[in-house]
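Please look over the sequence and the structure below before reading on.

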Amino acid sequence: MLILDEATSALGPQRDGVAARAFARGWPKAGTLVIYISHRLGEVRQIADRITVFRNGATVAAYDTQDVDDETIIADMLGRRMDRLYPDRKPTATERVAVRLRGFGAGHRLADIDLDLREGEVLGVAGMQGHGQRELFQALFGIGGARGTVEIWGKAKTIRGPRQALTGRDGLALVPEDRRNHGLLLSRSVRENLTLSVISRFTRVGLTDPKREAKLVDEMIAALKIKAGTPEQLAGTLSGGNQQKVIFGKMLLTEARILLLYDPTRGIDVGTKGEIFQLMRDLAAKGYAILFYSSDLAELVHVADRVAVLRNRRLATILEGEDNSERQILRAAMIETRAA
Amino acid sequence: MNLRRHRAILLAYLGMIVLLLLTSVVAPGFLSPTHLRSTAVLAAFIGIVALGQTFVIIGGGIDLSVPWVLNSAAVLMTLLAGSQDAPLVWIVPLLLAAGALVGMVNGLGVALFGVPPIIMTLAVNVILQGGILVYTGGAPTATAPPAIQFLAVGRVLGFPVVVLIWIVLAIIATILLSKSAFGRYLYAVGTSATVAEFSGVPTFRTTVLAYTLSGFTAALAGMLLTGYTAQAYLGMGDPYLFTSIAAVAIGGASILGGSGHYIGTIAGALVLTILTGLLPALNLSSGALLIVYGVVILVTVSLASEAFTSLSAFLPRLRRRQSPSP
């Protein structure tokens, strides 16, 4: 028996079909039972005799491959759910472009991205894992090299690293994917984490002013309703949701008005999720420009004004209005024949 | 400031007091002003070398080049000064700058080229050792100039000058660690270089500065120590490799970086010096002293790494609880 769990997901798009070809050549040996787990619908279709769909840890449907079409499978993957998790979405985008990307790319994982993020807009980014969204966010933040042109608030800008990205009125701030290893100093206090990016704001001749720092910290703890015993509590002892709020607070203390949120609600409780969505809309209304990736499509559909779908390291399409639905996002992200 | 965070430092002082009392029992006269004074002087040399070491270790690195930075400064000072006071006006600043420069090279190797700190500083140590051997031909050097001897063994208002120097440096180090932006950055880099980088911390400048400081304090200690021994000799820096690191570890810093304080290192330097004084009183040889040294650092560091293990066992548990699989 052979279990292949996302065995091809790390391969680049040019290796599409490598699994199917292997199976076509008679590998593995006849008589082997193969469980093939993949998010690539086309691949599953080519390989599998039967398809089972899981959602939230439970089996929702099982079919013989020839009896089912892609639409049915996508519907099964989505399920139906209604909740009041999401805030009202009033369009607040202006005509002013905060980030203009032309021919933007990074390494082998992202190419030819043309994208405009506007002031007051929450622009969603969707894509199956490993289709370029991580590279998009990191390259914008100056991690790893980038190609193409970037205009920030109308001016060409080369972003060489996080320190430069975070600096100034034309800055960009990132909520990173990996909260524990990229976002927070777990063994340091909430206070030190909150002000880590803005130490110069309360420093004179190299020395910090504890009073001015405390003021910034207290204001941010109150504004975001961070539940910490005291500002001196270690960040690692907070709940996941409150840890994420500290990262938001750190970002909001900078002058940056372009926010890059990479899966900001992952692994946090529903209540805090709702608060974060509300915060995002409030910030957008204040003129922030927000790029928002989520591994949960429903969040993109309900919070973002538009959704840019990445597939095979390129921009597949941008969905808005009626088209901004989980079904359309999944179609664009998964089905190779749907052209950009 | 919460107590839990400073427990390690308090423990270091507690250990020092216990050790002092113990010593006064087995060796009456140990608590006499004369003996305490000489203990403070010897601790000052360790403390000054360990100052830079504290910054480097808090920043997540380690500086193994201190023995020969110290030794080089000592040898070069006596050679250049030829027992005269006058040339010290340019020799002391020059050698302090040279020590800082060696530290900066260490820092650049680590921060710019990504050489592991152990390798980088060890290599620099050996290179300096070789350089000094070639330069001196192994010959003995001149005696230390009188002014330097005064700094090391003289007194002002009854206090040994070197101890006064140590106190001033300790105040500066404490302000840097507790009050300055540099100190804040240093703890951040030592806790997680990645998080620091993602947060816009100037990680490169911070790392280089910590090593630079270590080179500076090692060179300073080298010149002062020459005043104490009256002569520079090859190998005089060797004990300070171990004692500078041990003082930091005993003082409660994690050898992995991100925690600790120079206030703790002061206790660490005193503990090591008292131990050194205690063993002869017990008729133990210097070999026994080395064994005790080794055991002390092993116990201290393993206690620290035990704390680390329990923390790292704790974190994945949190992770499992908080993030359901996507």
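Two residues are said to be in contact if their C-beta atoms, placed from the backbone, lie within 7 Å. With that in mind, and remembering that this is a predicted model, we can begin with Phe292(A), which, leaving aside its neighbours within four places in sequence, is in contact with Val122(A), Leu123(A), Gly124(A), Val125(A), Leu261(A), Met280(A), Val303(A) and Ala304(A). Phe292(A) also belongs to the largest nonpolar core, which holds 175 residues, and it is one of those that touch the most other members, together with Leu260(A), Ile290(A), Leu70(B) and Leu224(B). The largest share of this core, 14 residues, is supplied by helix 10 of chain B, which covers residues 203-229. In soluble globular proteins, nonpolar side chains tend to be buried together.

Which residues does Arg306(A) contact, once its neighbours within four places in sequence are left aside? They are Leu123(A), Gly124(A), Ile318(A), Leu319(A), Glu320(A) and Asn324(A).

The elements of chain A can be set side by side in the matter of burial. Helix 12, residues 326-334, is mostly covered, with 8 of its 9 residues buried, and among them are Glu326(A), Gln328(A), Arg331(A) and Met334(A).

Two residues in loops of chain A deserve a look at their backbone angles. Val205(A), in the loop between strand 11 and strand 12 of chain A, has a positive phi of about 35° although it is not a glycine, and it counts as exposed because 6 other C-beta atoms lie within 10 Å. Lys225(A), in the loop between helix 8 and helix 9 of chain A, likewise has a positive phi, of about 50°, without being a glycine, and with 11 other C-beta atoms within 10 Å it is exposed.

Turning to chain B, we find 13 helices and 2 strands. Its C-alpha atoms fill a box of roughly 75 × 50 × 35 Å along the principal axes, and its radius of gyration of 20 Å agrees with the value near 20 Å that a compact globule of 326 residues would have. Of these 326 residues, 47% count as buried, and among contacts in chain B between residues at least 6 apart in sequence, 79% join residues at least 24 apart.

How many residues does each chain bring to the contact between chain A and chain B? Chain B brings 25 residues and chain A brings 29 residues. On the side of chain B, the elements that give two or more residues are helix 8, helix 9 and helix 13, and helix 8 of chain B gives the most, with 6 residues. By class, this side of chain B has 11 nonpolar, 10 polar and 4 charged residues.

Notes:
Residues are numbered from 1 along each chain as its sequence is written. Chains are lettered from A and ligands numbered from 1 in the order in which they are written. This is a predicted model: local features need pLDDT of at least 70, side-chain atom pairs count only at pLDDT 80 or more; totals for chains, interfaces and linings use all residues. A residue is buried if 20 or more other C-beta atoms lie within 10 Å of its own, exposed if 12 or fewer, and partly exposed in between; C-beta atoms are placed from the backbone. Helices (H or I, at least four residues) and strands (E, at least two) are DSSP runs, numbered from the N terminus. A nonpolar core is a set of buried Ala, Val, Leu, Ile, Met, Phe, Trp, Tyr and Cys residues joined through C-beta atoms within 7 Å. The radius of gyration is taken over C-alpha atoms; the globule rule is 2.2 Å times the number of residues to the power 0.38. Ala, Val, Leu, Ile, Met, Phe, Trp, Tyr, Cys and Pro count as nonpolar, Asp, Glu, Lys and Arg as charged, and the others, Gly among them, as polar.
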